Amino acid sequence: MLRNCVCFGQRSQNKRRSSSFDTSSSCRSSEIERSGKAAATRATVAATVENHSYTMANGGMASSLLQLFQKKGWYRHWRKPTRGITMSKTEITIKAAILIQRWYRRHQARMEIKRRYTWEIFTTLEYAGEQDQVELYNFFNALLTHIPSAAAEASGERRSSILASPARLTEDSDYKEEYDRSGNKYGGPEITSPISGKDVDALIEAFRRKKSSHLHPKYVALILREAASRLKNLPNLHNASTAISKQITICGDLHGKLDDLLVIFYKNGLPSPENPYIFNGDFVDRGKKGLEVFLILLACYLAFPHSVYLNRGNHEDSVMNARYGFIREVETKYQNNSERILKLIDEVYRWLPLGSVIDDSVLVVHGGISDQTDLNIIKKLDRSKYISILRPPVESRTTLEEDTKLEWQQVFDMMWSDPQHIDGCVPNVLRGAGTYFGPDVTSQFLKKHKLQLLVRSHECKVDGYEFNHNDLLVTIFSASNYYAIGSNRGAYMKLNFKLEPHFVQFISAASKTRELSIRQRVGIVETSALRGLGARLRAKRLDLELEFQKHDPHNTGIITISEWCEAMEKATHLGLSWRLLRPRLAPSSPNQAESEVNYLVTLQLLDTDTMIKAEELETSVADSLYKNVSSLEAIFHIIDADHSGFISLSEFTAAIDLLEQHLPGVNQREHLLRMCRLMDLNNDGAVDLNEFLEAFRLAEQARNKKGPIGSVTDRRIGGEDIENLSPNISLKASSATAAAIADELQEMVFNDVENDIDPSDCETQNG
């Protein structure tokens, strides 16, 4: 994170690059101009003041300008009547400059602290969500690969799905009509085969309009079918060239941000033989226009097949789509045809190439590499087996064949890995998948394959791009305003025929934030992060109470800051800077010691409407599983080892053994056994399939239920009533404090009104 700070500089020539949050100047105090007869003395004074201010701005000397003037004895010189200036005016001028300088530095320091802990919250929550998803499917895969009968059944199902896939690509015009909210049939442009540049223009014009109807489902299917048919003929690694175009543009994650894609096309031009593009994965999820982005990119590929290169990302995966919104988006927009469209989308996913190589010198992949990555293996493997990268293909009765396991790991690392600043290669524990690879791994990999540069995406960057590993690796991210409005810039990268990089940074919908002050922008981003954190904390509400109770056995409502931080971390395992977050989650009252924390404020804050609404916008792992009933049924049949149609306690215990082996420290054995007993709704000693599915349905229903989990006043903490509150606090005052925090968070919500997308409404600058 410190590398993003302007104080650390960035790339070559030691030039500083300011981030979208850094508005700091050189922090020099205003030059003090004085009149007098002795020009030499005046020049000496001015030069000394300027040099001293520069030293202060860079953290050098701690003495003030006033002390400097006193030490040099310049005041005595200025007191002379011939100088035309009095001692008091000089002191006032210098003190004013110093006060302004100190105020400015404090303000900038506060803004930087807010920016850093806000960014930490966003990235931690994003990676924690991905880790939950990966852990669940690690468990699912463990069941598949360690239970012979389940592995054989899964293998047969997957083989049959692969063999049946070509039938899904045959033309089928029997699509049900779709209607918008006004009851009008879907219309939009008519797409004909073969798809041309005019069709691309028509799609862009239709999709950018607020009130335009969605594309008819038969045209959606047409684009998906033709794209899958063409993509299956491509190699695993594209071979891109700048021989004709003399340049190529690389775009990173878009995540359903149609406005960013249109800004790129507006500033850089549509794809053509003279203007080729590489889009480096993660086209969908999180944004509202994922399907539109995906269809435009596929249409561009079909219209300009030798000028558009599409790489697969970790979100081109139905498992991730179930969690992060793309499946829900498709089901909402195409309620009558969503199942068929989603099957075609899966077919496109499995045939997307895994990366691109530019002029045999630059490798472009979504995530990164590991110390085991071998392009020779990547080029030869069968990528169509990986319908979901999170679920490796099972081909034998007991476990994965070694070759298949090695291939799957190669693909997994390319989709999920991240760079680190130290040498070596270790598992990526933050995401729960892929690796962290260091500068030495990058250098050795490039040398082995005779490459010059590794380009990847996968991580949001404040400035839209970032160099690492001695400039041998660059991360490019093309979704601006990714976490919240004003949170980051997007960027795209252009390589000329000499493969020299040039970056263009941009912010889409710039008019929405142009009138906001820096304080307002940072405040909007901060409150967005805190609402997301609140949603995560609500899921851990009971764990938080138990941890607070351990430090407060007498139920006084007061614990120390250190104890509060420890409780927050043990309950959430997020690794955040909790001490910095304390003023936002549990501010101290005037009659309370600074070292004490009223943790009841934290609990009551989680019960406010603001946090409840924030939680409703999140999609949990259980939600995504429940919506994919086939996965739940598969898990049930796997745990039901004797195929009796019931899960006994002993069978569930065997599954728990696997869970503890592959997900250590995530769940407690007694808690899981209790879950199994609760699933037995009729108390017959076994869980049938209906009870298993009903448990997930009830969990989702309880999660979506309106209202708080239960206020502090009507429940017990740790089994005891709250009756020994400290005299310095009261439930009423704590509730009022929590309500005030919630109101502040709600007031800072940015009301993003949907309008026609205007790609010219952007701010750009060269990186």
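Trainee: Which residue in β14 stands opposite K494?

Mentor: H502 in β14 is the residue opposite K494. This is a predicted model, where local features need pLDDT of at least 70, side-chain atom pairs count only at pLDDT 80 or more, and totals for chains, interfaces and linings use all residues. Residues are numbered from 1 along each chain as its sequence is written, and side-chain values use heavy atoms, without hydrogens and water.

Trainee: How many bridges join β13 to β14?

Mentor: Two strands pair if DSSP finds at least two bridges between them; strands are DSSP runs of E with at least two residues, helices are runs of H or I with at least four, and numbering starts at the N terminus. Here 6 bridges join β13 to β14 (residues 501-508), and the two strands run antiparallel. The hairpin of β13 and β14 has 4 residues between the strands, and L499 takes a positive phi near 65° there.

Trainee: Which way does β2 run against β13, parallel or antiparallel?

Mentor: β2 (residues 247-251) and β13 run antiparallel, joined by 5 bridges. In this pairing C251 has Y492 of β13 as its bridge partner, while I250 stands opposite M493. β2 also pairs with β3 (residues 277-279), through 3 bridges, and those strands run parallel. The partner of T249 in β3 is Y277.

Trainee: Why is β13 described as largely enclosed by the rest of the structure?

Mentor: Buried means under 20% relative accessible area, exposed over 50%, and partly exposed in between, with a 1.4 Å probe and protein chains only. Of the 7 residues of β13 (residues 490-496), 6 are buried, so the rest of the structure largely encloses this strand.

Trainee: How many salt bridges does a search of the whole structure find?

Mentor: Side chains of opposite charge can pair when their charged atoms come close. A salt bridge here is a side-chain nitrogen of Lys or Arg within 4 Å of a carboxyl oxygen of Asp or Glu. The search finds 26 of them. One is E526 with K114, whose closest N and O atoms are 3.8 Å apart. E526 lies in helix α17 (residues 518-539) and K114 in helix α4, so this pair ties together parts that are 412 residues apart in sequence. E526 is buried at 3% relative accessible area, whereas K114 is partly exposed at 26%.

Trainee: What is the distance between the closest N and O atoms of K257 and D260?

Mentor: In that salt bridge the closest N and O atoms are 3.7 Å apart. K257 is buried at 15% relative accessibility, and D260 is buried at 0%.

Trainee: Where do D374 and K448 lie?

Mentor: D374 and K448 meet in a salt bridge at 3.8 Å, N to O. D374 is in the loop between β6 (362-364) and α13 (375-380), and K448 is in helix α15 (residues 439-448), so the pair ties together parts 74 residues apart in sequence. D374 counts as buried at 17% relative accessibility, while K448 counts as exposed at 52%.

Trainee: Which residues are linked in a network of salt bridges?

Mentor: The network links D418, R431, R456, E459, K461 and E466.
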